[in-house]
Amino acid sequence: MFSLRHLVFFLPAAIGLLAQEAETPHQTLQKAKALGLSDAVIDQAEPLLEHAIAGWQDRDPRNPEYAETLTLLGMMHQHEADLDIQALRTTVEPLYKHALNVYRRSLTDPDPDKLALTLELEAAVLNAIGEVEDATPLSERALAIRKERVREMQAGAPQIPAAFKPGDGVTAPKLINKAEPGPTDAARFLKINGTVSLRFVVDEHGVPQDIALVHSLGYGLDEKAVETLRTWRFQPGTSDNLQVATIATIDMIFSVR
């Protein structure tokens, strides 16, 4: 016989279940994102992301946040798969591919940083499983987005009409103050290592200007490199003992252990 005592026992659990069912996919995604990206939270984050994915499928399959959710779950699976080619092929690549299809069908423009990340992740997995031809156009799209983001980051900054190349009486600028760049959350989680190469102009005050991306690493690290470079200061190059704007290049190394 079901008594009032039983009702009091089961009521909180029932209310919790109803609250979970009433939660929107957006709210579930935000819960998962709040956990961050680390080994310690995978077991908590994956069920949340899977629940959000089911919600997007039923409610709004063209929402860019649906693609973001798929991408995050793919990153979780990729982290667990490590270099297992079969796992990358069966449990990771389909999620990134699905995410790109959602972005393509979306009725609103996706966030360029999130789209670029998904393109880079899919391209990297395709390269890892030997589908290089399919990976190349994705990498090229991601690179175009990253270069545009670098340009946007410098909107409103002074433009240098002309700059000297060191040599033939022009001295090169000398670095006098720098900070080291840190990895993005995605790069740290997936242990992305490599180099971002930048070409820029050191103006007559020793400030980096007109920064251009020469070699991209992706995963938001290109933008991190530009942000960091803009804080650096140089002793300007000279010509005939006058300080002048000079062309320079730098390689920023990102290393995650």
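Guide: Helices (H or I, at least four residues) and strands (E, at least two) are DSSP runs, numbered from the N terminus. This is a predicted model, in which local features need pLDDT of at least 70 and side-chain atom pairs count only at pLDDT 80 or more, while totals for chains, interfaces and linings use all residues. Residues are numbered from 1 along each chain as its sequence is written, and side-chain values use heavy atoms, with hydrogens and water left out.

Visitor: How is a pocket defined, and what volume does the largest pocket have?

Guide: On a 1 Å grid over the protein atoms alone, a pocket is an open set of points where a 1.4 Å probe fits, with protein on both sides within 12 Å along at least five of seven lines; lining residues have an atom within 4 Å of a point. Grid points are joined across faces, edges and corners, and a volume is the space filled by probe spheres set on the points. Here the largest pocket has a volume of about 520 Å³. It is lined by 25 residues, and those closest to its centre are L37, L72, L117, D185 and A186.

Visitor: Which elements give two or more residues to that lining?

Guide: They are α2 (25-35), α3 (42-59), α4 (64-81), α6 (112-128), α8 (185-190) and α9 (221-229). The most comes from α4, with 5 residues.

Visitor: How is the lining of the largest pocket divided by class?

Guide: Ala, Val, Leu, Ile, Met, Phe, Trp, Tyr, Cys and Pro count as nonpolar, Asp, Glu, Lys and Arg as charged, and the others, Gly among them, as polar. On that basis the lining of the largest pocket has 11 nonpolar, 5 polar and 9 charged residues.

Visitor: What is the volume of the second largest pocket, and which residues are closest to its centre?

Guide: Its volume is about 290 Å³. Of its 14 lining residues, Q78, H79, D82, L83 and L190 are the closest to the centre. At least two lining residues are supplied by each of α4, α5 (85-105), α6 and α8, and α6 gives the most, with 3. By class, this lining has 10 nonpolar, 2 polar and 2 charged residues.

Visitor: Is α6 roughly parallel or roughly antiparallel to α7?

Guide: The axes of α6 and α7 cross at roughly 150 degrees and come within 8 Å. That angle makes α6 roughly antiparallel to α7.

Visitor: What is the handedness of each crossing?

Guide: A crossing is left-handed if the near helix is turned anticlockwise from the far one by less than a right angle, and right-handed if clockwise. The crossing of α7 with α9 is right-handed, and that of α6 with α7 is left-handed.

Visitor: Which residues other than glycine have a positive phi, and where do they lie?

Guide: One of them is K191, with a phi of about 55 degrees; K191 is placed in the loop between α8 and β2 (194-202). Another is N241, whose phi is near 65 degrees, in the loop between β5 (237-239) and β6 (242-244).

Visitor: Is N241 buried or exposed?

Guide: Buried means under 20% relative accessible area, exposed over 50%, and partly exposed in between (1.4 Å probe, protein chains only). N241 is exposed because its relative accessible area is 77%, whereas K191, at 43%, counts as partly exposed.

Terms used
Axes are lines fitted to C-alpha atoms, for helices over the stretch in contact, and angles run from 0 to 180 degrees between N-to-C directions. Angles under 35 degrees count as roughly parallel, over 145 as roughly antiparallel, 65 to 115 as roughly perpendicular and the rest as oblique.
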